[in-house]
Every structure is written in C-alpha cells, then in structure tokens.
Amino acid sequence: MVIFVDESGDSGLKFNRGSSEFFTVSLVVFEDESEAKACDDRITLLKHELSWNESDEFHFIRNSDKARRQFLEAVAPYSFFYYGNVIDKASPRFSKHEFTDKRSFYKYAVGLVFENAKDKLNDAIVVIDQSDNPHFKRQLAKYLHNKMNDGKKRLIKDVKTQRSKSNNLLQLADYVAGAINRSMQKNKKFAADYRNIISHREIGVEIWPR
C-alpha cells in the first residue's frame with residue numbers, strides 16, 4: 001500500500017492578509033503498487049500528449065481548465081481511492097487560537113485525514129511533498145508514526161518526502177486536493193465539475209469544524 005499526501009489552500013490564519021478560506025488535505029491510496037505504476041505511466045503519457053516535457057508538473061492551481069479535465073479523466077480509470085479533509089477557517093466555530101502557528105495547524109489537518117482513513121490503512125508507505133523545511137517534515141513523519149501505530153497493528157511502515165515536480169502521483173494528490181477545495185468554493189467557475197470526474201474514487205471527505 002502506497003499513500004500520497006498533498007494539500008490545497010494555505011495554512012495561514014490571517015484572512016486580512018490573503019489567507020485562504022479553506023485548507024484541504026488529500027490522501028490518495030493505491031493498494032496495488034502495479035496499479036500505482038500504471039497510473040504514473042499514464043500521467044507521463046499525458047504530458048507527451050499535451051506536448052509537455054516529462055519534467056513539467058501538473059499543478060491544479062496553475063493549470064488551465066482543459067488540462068485539469070484531461071488530467072482527471074486520464075487518471076479516473078485507475079484503482080486508487082482517496083480521502084480528504086477540509087478545514088473551514090472562516091467558520092465561526094473555528095478558533096485560530098487553538099494553534100500556536102501554521103505548522104501546528106498543518107500537522108493537525110494531516111492528522112485528521114489520516115484518522116479518517118485509519119480503517120483502510122495497513123503497513124503503508126506514505127509519500128509527502130518535500131518542503132523547504134526538512135526538519136518540520138521529519139517532525140511530521142514522527143507524529144504520523146506515533147499517531148497511527150499503536151503497537152497492535154502497524155498502519156504506517158514508512159514516511160518519505162519527495163519533490164512533487166519529480167513524482168507524478170504527488171501531482172495526483174495535488175489535483176485531488178485542488179478538486180475538493182474548488183468544490184467548496186461555490187462562487188468559483190466549475191466548482192463541482194472537477195471533483196465529479198473522480199467522485200467514484202472518493203471514500204470520504206470531512207469538513208471541520210462542523
């Protein structure tokens with residue numbers, strides 16, 4: 001089992017300075033590594049079909065509507081499933097004072113989506129987008145190990161960090177997070193369209209706080 005994790009929106013808590021209303025974390029799960037490889041190869045092929053270089057990156061926010069639809073339609077047949085957790089930072093029930101900084105907020109959001117997926121996880125290798133702060137990602141890896149492995153069953157075998165630019169399936173996780181996040185923004189064009197393309201792969205998306 002291989003899991004890819006990415007996010008959409010930002011973990012900032014200052015709306016008057018441009019922080020996003022929603023922060024979404026996606027967790028994309030492949031139970032079969034050969035299926036993950038096939039999906040990876042299909043994304044590479046799509047880059048050729050679009051006359052992109054293999055080093056070019058699919059990124060939901062930066063890509064056009066056409067590219068978004070082509071990407072999601074290309075990956076939709078493959079056997080993966082996903083979870084998402086959406087933090088509604090603008091909710092009156094959300095208190096930024098619960099979090100000391102953006103990192104504690106990010107860690108909490110990632111923990112929520114893993115908790116939602118707990119029943120499906122078993123000896124998983126987790127791949128997270130590498131940030132410019134490797135120390136924090138090591139802290140996050142330790143946090144997930146401690147949170148998900150209780151001594152009775154090993155839900156997480158290893159946590160790795162890789163650059164999304166060089167990992168097609170992290171780009172898939174980015175797209176899933178982006179599609180979920182866009183579906184929450186009812187005033188946005190095509191708000192629900194992208195998520196609908198891959199809705200048959202969705203296990204659960206939670207909104208916090210309710």
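Predicted model: local features only at pLDDT ≥ 70, side-chain atom pairs only at ≥ 80, totals over all residues.
Student: What makes the protein chain as compact as a globular protein of its length?

Tutor: The chain carries six helices and six strands, and from the N terminus on these elements run β-β-α-α-β-α-β-α-β-α-α-β. Its radius of gyration is 17 Å, close to the 17 Å that the globule rule gives for 210 residues, so the protein chain is as compact as a globular protein of that length.

Student: Why is strand E1 described as largely enclosed by the rest of the structure?

Tutor: A residue is called buried when its relative accessible area is under 20%. In E1, which spans residues 2-8, six of the seven residues are buried, and therefore the strand is largely enclosed by the rest of the structure. For the protein chain as a whole, 50% of the 210 residues count as buried.

Student: What makes E1 and E4 a pair, and in which sense do they run?

Tutor: Here the two strands share four bridges, in the parallel sense, with E4 covering residues 124-129; at least two bridges are required for a pair. One of the residues involved is isoleucine 3, whose bridge partner in E4 is valine 126.

Terms used. Residues numbered from 1 in each chain as written. Heavy atoms only, no water. Rg over C-alpha atoms; globule rule 2.2 N^0.38 Å. Buried < 20%, exposed > 50% of the residue type's maximum accessible area, 1.4 Å probe, protein only.
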